[in-house]
Amino acid sequence: LSNCSSLRDVNIPRKTRTISDSAFQDCTGIKELEIPESVESIGNTAFYGCTGMYKLTLHEGLKSIGDTAFYGCSSLINVVIPDGVTEIGDYALEIAKAC
């Protein structure tokens with residue numbers, strides 16, 4: 001699904017345990033995203049470059065966030081990392097704002 005700029009809504013099934021590497025990379029139309037409690041890991045670059053995303057909700061089931069998983073999500077305002085997260089990859093939540 002990467003590079004789907006027209007994708008607006010993402011409904012991750014409640015039985016999902018892992019979001020794959022680059023799954024939604026550069027899907028710039030995603031505005032809000034809720035990762036269900038069943039998801040334990042978010043892969044590398046999973047949401048890299050999703051510049052339209054301003055709201056991200058993570059739940060307690062999450063344990064790891066991969067490298068650059070949300071890198072470049074420059075519209076994100078506030079992200080709360082659940083206590084259960086034990087691994088956060090390099091630049092996982094780096095916000096790259098244009099000058």
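Is Tyr91 buried or exposed? At 55% relative accessibility, Tyr91 counts as exposed (buried means under 20% relative accessible area, exposed over 50%, partly exposed in between, with a 1.4 Å probe and protein chains only).

## Basis of the model

This is a predicted model, in which local features need pLDDT of at least 70 and side-chain atom pairs count only at pLDDT 80 or more, while totals for chains, interfaces and linings use all residues. Residues are numbered from 1 along each chain as its sequence is written, and side-chain values use heavy atoms, with hydrogens and water left out.

Tyr91 is found in the segment after strand 6 (strands are DSSP runs of E, at least two residues, and helices runs of H or I, at least four, numbered from the N terminus). Although Tyr91 is not a glycine, its phi is positive, at about 55°.

Thr45 likewise has a positive phi of about 55° without being a glycine. Thr45 belongs to the loop between strand 3 (41-42) and strand 4 (55-57), and it counts as buried because its relative accessibility is 17%. Leaving aside residues up to four places away in sequence, Thr45 touches Asp21, Ser22, Gln25, Asp67, Thr68 and Ala69 (contact means heavy atoms within 4.5 Å).

Thr68 is placed in the loop between strand 5 and strand 6. Its relative accessibility is 17%, so Thr68 counts as buried.

## Salt bridges

The structure holds 2 salt bridges (a side-chain nitrogen of Lys or Arg within 4 Å of a carboxyl oxygen of Asp or Glu). In one, Arg17 pairs with Glu40, the closest N and O atoms being 2.5 Å apart. This pair links distant parts of the chain, with Arg17 in the segment before strand 1 (18-19) and Glu40 in the loop between strand 2 (32-34) and strand 3, 23 residues apart.

Glu40 also meets Lys63 in a salt bridge, at 3.9 Å from N to O. Lys63 lies in the loop between strand 4 and strand 5 and Glu40 in the loop between strand 2 and strand 3, so the pair ties together parts that are 23 residues apart in sequence. Glu40, at 27% relative accessibility, counts as partly exposed, as does Lys63 at 44%.
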